[in-house]
Amino acid sequence: MGNILNQIGIENYIFLSVVLFCIGIFGVLYRRNAIIVFMSIEIMLNAVNLLFVAFSTYHQDAQGQVFVFFSMAVAAAEVAVGLAILVSIFRNIGSISIDNLKNLKG
Amino acid sequence: MDTNLALILVLTPLLGFLVNVFFGKSLGKTVSGAIGTIAVAISFVVSLLLFNQITSTGKGIEVTLFDWIQISNLKINLGFLLDQLSVLWLLFVTGIGSLIHLYSISYMHDDENMHKFFAYLNLFVFFMITLVIGGNLLVLFIGWEGVGLCSYLLIGFWHKNQDYNDAAKKAFIMNRIGDLGLLIGMFIIGSMFSTLDYATLKTAIAGASNLNLPLLSLAALCLFIGACGKSAQIPLYTWLPDAMAGPTPVSALIHAATMVTAGIFMVTRLNFVFDLATDVQTVIAIIGAITSLVAATIGLVQNDIKKVLAYSTVSQLGLMFLALGFGAYEVAVFHVITHAFFKACLFLGSGSVIHGLHGEQDMRNMGGLRKAMPITFWTMLISSLAISGVPFFSGFFSKDEILLTAFHHSIPLYVVGSVASIMTAFYMFRLMFLTFFKEFRGTEEQKHHLHESGSLITIPLIILAILATFGGLISLPGNSWLNGYLAPLFTKVAGEEHHLGTTEYTLMGVAVLGGLLGILIAYIKYFKQDNVPESDENITGLSKVLYNKYYVDEVYDAVFVAPVNSLSKFFRDYIETGLSALVFGLGKIANEIAFQGKKLQTGSIGLYLFVFVLGLCAIVSYIFLAQ
Amino acid sequence: MNTLIAITGLGIFCLLFEILNLRKAIVPITILGLLGVLALNYCEFGTEQSYYNNMIAVSKFSTAFSSLFIVLTIFLVALSHNFYQNHPTKISDYVAIKVFLLAGAVAMVSFGNLAMFFLGIEILSIALYVLAASDRLNIKSNEAGMKYFLMGSFASGIILFGICLIYGAMGSFDISDIHESALSAELPIWFPIGMILMVIGMLFKVAAVPFHFWAPDVYEGSPALTTALMSTLAKVVAIATLFKLIAGMNFISSLDNQDLLHTFEVIVVIISIASMSVGNIMALRQVNVKRMLAFSGISHAGFMLMTLLTVSASAGVLLYYTTAYALAGIAAFSVILYVCRDQDNEDITNFHGLGKTNPLLAAVLTASLLSMAGIPIFSGFFAKLFLFNQTIQAGYIGLVIVAVINSIISVGYYFKLIIAMYSKEPNQERTGRPFLIYATAVVSIVLNIALGLFPSLVLDLLK
Amino acid sequence: MNVSTILIILLIGAFATYFSGDKLASKVALLFSLAALGCSIVLLNNYNAGENISVINSWINQPKISFALNGDGLGLAMVLLTAALTPIIIFSSFGNEYKNAKGFYALILFMAFAMAGTFLAADGLLYYIFWELALIPIYFIALIWGNGDAEERRKAVVKFFIYTLAGSLFMLTAFIYLYTKAGSFLIEDLYKVNLSACEQFWIFLAFFLAYAIKIPIIPFHTWQANVYQKAPTVGTMLLSGIMLKMGLYSVLRWQLPLAPIAAKEYMYIFIGLGIAGVIYGSIVALRQKDLKKLLAYSSLAHVGLIAAGSYTLTLDGFRGAVMQMIAHGFVVVGLFFAAEVIFRRYETREISEMGGIRTQSPKFTSMFLILVLASVALPSTFNFVGEFTVLYSLSQINIWFAILGGTTIILGAYYMLRMFQHVMLGETNSKVFADVTLNEGISFAVIIAVLLFFGFYPKPITDLITPSLENILQVINKN
């Protein structure tokens, strides 16, 4: 098991997930459609999850993988709430673009 | 015993004041007047007793009541010093005071606030006595400012007229300028000798080795400034003529006989200081001479009977300072006394005239009053002769003494003084002729109200006239009782006795001739040719300048008062608003920033997240850089 | 630990009451329950132990802060009685959510393992998302919820990444392990990075500049009670957790080893200065009271962050400051709830003439504002005093001077409200004297003043 | 029995007044303030009998803050001033009707409580707390019961509050800094700390900011005139009569002893500022249209002189300053009350609309005149004693200070008499001026009596304050 990590150094995993994380961030920054923003956030979380797994292998320790389950669960819960809010917004203003959410300012 | 005497002396006028203030109205005019007069009369009696005691024992009485102000290096107590000088002053202050009180009973009888008038007069006497008998400079200062206050109250006695109030205010403030000088003088003396008591001070100075003379002279100068304020010397004299706004008895008491002599009193009191500051003495002499001349010249052309007397007062005071400047204190004191007699008499006389003419003060509307009011005429005539230095009247001796001293020290000042006295003679008789001779120039109904004033007015006049005649006897040239009496006060031998030699006699002659000359000119100008001064608008040339008092008031106004006022406006309108704008400005800035900041909060999630990420990157990269 | 279980149980009970149709009883019973929990928590105070192989570690710090949270929740629940009168069917849910939120909060201060910490923060956040958006038909509320949700989950992402890096560096989620190995010589750079990421995540929660933008909008948009909750409970929890993270992971000394400490301190100083300045200045021009208090909250966050400079010493100060701030906030919000209960906005104009129509509440609001402004005998003053004292002793006199200047600015907007209450004419009738609101207002302000008179009560708890 | 009794009386009084209802409020307040006065007189006796009337209990142990009240001569004198003026002020307000009177009078008593506390506190932080507490009541008094256009008033009052608070917060910072050095807020511990000249300079500056704004010394006075004008007269009296004295007192008690080196170093600058205040205030006062504003500027001038006296660091300066504080306290209260008496009859404060009152009410005129004369320091009034001593001390430093400072007796006379002339004298006023009522008369009489009595016999006060002033001097000159 460890030998994989010997062949591909841990750094690469880190870089990979950092890249994924950044993709997520940019998604959040540049997309205006709420759903896609959610998905970008999911990408961020999953990037982290990937890293968790990598680390847990690296450390030969299961906690990391357990943690991944936590974070998945949490992410699911979050998105559930998020979608609920989104629905009520859609009911009220008939759009899911976050650019329409500018009533509160100043 | 002495303490009680002193307290009675001081407190009876105060008592009179209190009674008149609180109950005067209900007591009625005559009673309140009587109270006022009696109060002063009692003080007069007490002063007589004290005088008696002093003359017998020959040394002063010191009375200490209690500590007053404690300052680290000098302790000032509330105490009195009754010695030759103060008792002498007391005598004529209270004596003339009681006469004038008597006079006022009838003079002020038509005024609804008569009780107030007497209250103020009593208060004045109280403060004057305090001034005179104060045991140290600070107690003197109480009286000093107190009499200033009283003159403020009495000048502005007819308070409905704002001009009178202005005059009163002017008097008070000008005095205060002097008072500041006095205070500074006290500070210097206090810090030098750490005492303000006359007695201790005298010994301290006598005993002091290597005195800081420049500093001492500075102190003397400051004190003299104080004297200038009180005794109306250049440059602080302009308040005195305006002070004539007050009722005539006030002018007689305060602005002729007593208060204005306080300056001379103070200088005499501190003779041991001034003797050391010789250059200050020269200044005093010069200022005195100039004042006497300037005032006399102005007096030449005045048409208001009281104004004439006012300027003559200023010029006489100038002569006294001339004497002081030469260290001839006893001479000055002598003239103070005689002057008190005849000037009081003159003022009261003029008061009686004004009373008779129902408030007319312009000599151009008088004339021919001789027959109508003989007593007034004769008394005033006597006093005029006295002031003009006609032989054997009191004024002759005192003024002559002064001129003698001047002659011995500096001829120029002697000349100035003599010229001044010639002018005095002139304008006094100008006054006499215009007022009492020829035909009456007033309106018809005035004319037929003309009458001699009541006995309460005439009696004081007569008494004063007598004093004005024989007052000179107290210091005959040759053997002077006064000099002997005052001798203990002075460090140096009391005034060099002029053994009457030829020079003296010639000088006397010159003085007499001068006086007669003045009278003669007046006689020719106003009796023979009987021309009456023109009405104000067509006065021209030099006489116009003189008539307008050399425009000194205007100058002062332009140089001091106006700038202060405009400065005040400037401060109020610009500096003040500017400062508060500065403070408000800070708040405004914050508000402005807030206003701009609100625009940043656009409400767009994208922006918020963007800033979030920026911050994140900034921090993380900062960490990396620091590594 | 028992506290946590009890709270969760209480939450479930609340839901049961709905089923059993005991809506009337919910609020009082919840309050009683919470009081019980408080007592329970009090018994735990002082005991140092950990449960479930150190998932939960009870310490003085955790218990003290938990009790504060519980007290605050009691107030909030009390307020919710009147607040939700109009839609009674929801009340049980809202109360339950608050209680669960409390559970999350307690978990956050008493975690012994990063997993627990993460769960706690997510419980809290999700509950808040829901509450923020709870006024379904109100577009503002929706927007607030959405904004909070998006940015919140973004922040959780960051936190999660941070946790991950720490795990990578340490190979463990356990605080005590991390605490030890944090001092070891060669640590990968990930550890400080991860730590910083977590800190940033928490800074978002406490709404510190530049991560503060959500706060004003969300505060304004959410229902007033939720705003109250956010500005008091949520903020306090976040700052306490942040403090515990840094203290618990021995972060300072490990930074010291890698001589990054100075860097970190610079960051903290900058952020705290920025927070208080931005917060105070922006608050000057606000007309909506909730928004104004949001900004004032930001500035207070800046003040609280000063404690991070003296982590070893200032736990007590932080507790005192948070308590003072939260109590003042509760008092203020209870008045706001009363005044604006049937207004559609919370503008200052609603407060005109409160001093005449309702002197008591006006006095309470005045007192709470003075406390926030840091005027003596109110505990707010002492909070500032102790904080400044602490910071000057650590040698940050410049920071304190900036803080002082900020407190001067802050008076500007606090007094805008006071003036509105006392020197303007009332523009509306205010009827009804809802007992619970009055009680909450008075009790909280009395507590605040009492703390002012006897600061040692709280200050010395964490000695 | 110790000094805390006064505070307790006043505090209880405040609450009692509030709960006594609008009808009784004024009476109750008067009662309690008189009780406080009586109490303070008893304390004075005990103090003179050599009894120890100070209090010290520890309050907060970490940081070490104690509830320490120090009843020494100086503090006692100031407390007496407070306790004597409060009843007068309350009594003087009987002629007016106030809405929500209970709050009004309660606030007055509370303010008196805070100010007395400030004068007594012997612990830096306690002192600061009282100092701040005194600010709140006056803020509300001016805001709620003030007069003039509401918007203007709001601006003026808020400016006043923020401005003063700003100053005092810097003082707080200074205190905390000192605490970090001394490890305690107790005044004697603070006296013990030795600071470098540089530290002292900053400490001195911080304190100066607080006091310069409170006193006020130019150019920090911009709040004063407006607030005096806008506040109700009672508030103005409290401000000018007692609150200004807080600042001046604090200069003596706190600023100078805590930073002696700096004090000596920069003495001349601050004396200069004080004297500049004298001249500036007097000149600005000349051309004021509003009576209360004029009085405000006059008091700016007077406190300038007092401040200059305190900064001379000489016993005379201190003594004169304290005496002048007390004298000025009484006279300024009297003058503002006179302004109020006129306002009650004429409903105006514009000097131009007054005049000719003397013919209508001689009594009032005489009383007003005496107050005016006292404020221009006529000998035989208490003000003269104070002013003379201060000027003397200034002359010891440098004769020019005395001369420049002495201009106050000229300029003061100028603007005060000018004011008096236009307010009281001249042609009889068309508007009716009812003569002073008994109540008003009593207030005036008391004030005048005090001024005249101490004018001739200031010894009791001098003896009371001198020892503590000497102690302060010792602290200043210890190194």
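What follows is a short briefing, sorted by topic.

Keep in mind that this is a predicted model. Five pairs of chains are in contact, and the pair sharing the most contacts is B and D. Chain A, on the other hand, does not touch chain D.

**Chain A**

- What radius of gyration does chain A have, next to that of a compact globule of 106 residues? The globule would come out near 13 Å, but chain A has 18 Å.
- Of the 106 residues in chain A, 35% are buried.
- Looking at contacts in chain A with a separation of 6 or more, 47% are between residues 24 or more positions apart.
- An unreviewed UniProt entry lists residues 12–30, 35–55 and 67–90 of chain A under "transmembrane region".
- In the model, residues 35–55 of chain A are 100% helix and 0% strand, with end C-alpha atoms 30 Å apart.
- Residues 67–90 of chain A are likewise 100% helix and 0% strand, and there the end C-alpha atoms lie 34 Å apart.
- Chain A keeps some distance from chain D: the nearest C-alpha atoms of the two are 25 Å apart.

**Chain B**

- Chain B has 627 residues, and 56% of them count as buried.
- Its secondary structure comes to 26 helices and two strands.
- The C-alpha atoms of chain B take up a box of roughly 115 × 65 × 55 Å along the principal axes.
- Take the contacts in chain B between residues at least 6 apart in sequence: 80% of these join residues at least 24 apart.
- One helix to look at is α13 of chain B, residues 278–301. At 1.5 Å a residue, its 24 residues should span 34 Å, and the end C-alpha atoms are 36 Å apart, which agrees.
- Is α13(B) mostly covered or mostly uncovered? Mostly covered: 17 of its 24 residues are buried.

**Where chain D meets chain B**

- In this contact, 44 residues of chain D meet 39 residues of chain B.
- Several helices of chain D each supply at least two residues to the side that touches chain B: α7 (150–182), α13 (267–286), α15 (315–346), α17 (382–397), α18 (399–424) and α20 (459–476).
- Which helix gives the largest share of that side of chain D? It's α18(D), with 11 residues.
- By residue type, the side of chain D that touches chain B splits into 26 nonpolar, 11 polar and seven charged residues.

**Where chain D meets chain C**

- Here the contact takes 25 residues from chain D and 24 residues from chain C.
- On the chain D side, α5 (124–133), α6 (135–145) and α7 each bring in at least two residues.
- The largest share of the side of chain D that touches chain C comes from α7(D), with 14 residues.
- That side of chain D is made up of 19 nonpolar, four polar and two charged residues.

**A hairpin in chain D**

- Strands β1 (residues 55–60) and β2 (residues 65–69) of chain D run antiparallel, joined by five bridges.
- The hairpin gets from β1(D) to β2(D) through four residues.
- To see one bridge up close, find D:V55: its partner in β2(D) is D:L69.

- D:F444 sits in helix α19 of chain D, which covers residues 438–456.
- Why does D:F444 count as buried? Because 24 other C-beta atoms lie within 10 Å, and the cut-off for buried is 20 or more.
- Leaving out residues up to four places away in sequence, D:F444 touches D:G334 and D:M367.
- D:F444 and D:G95 are 349 residues apart in sequence, while their C-alpha atoms are 14 Å apart in space.

Conventions. Residues numbered from 1 in each chain as written. Chains lettered and ligands numbered in written order. Predicted model: local features only at pLDDT ≥ 70, side-chain atom pairs only at ≥ 80, totals over all residues. Expected span 1.5 Å × (residues − 1). Buried ≥ 20, exposed ≤ 12 C-beta atoms within 10 Å, placed from the backbone. Rg over C-alpha atoms; globule rule 2.2 N^0.38 Å. Contact = placed C-beta atoms within 7 Å. Nonpolar A, V, L, I, M, F, W, Y, C, P; charged D, E, K, R; others polar. UniProt positions renumbered as here; feature names shortened; annotations may be inferred. Pairing = 2+ DSSP bridges.
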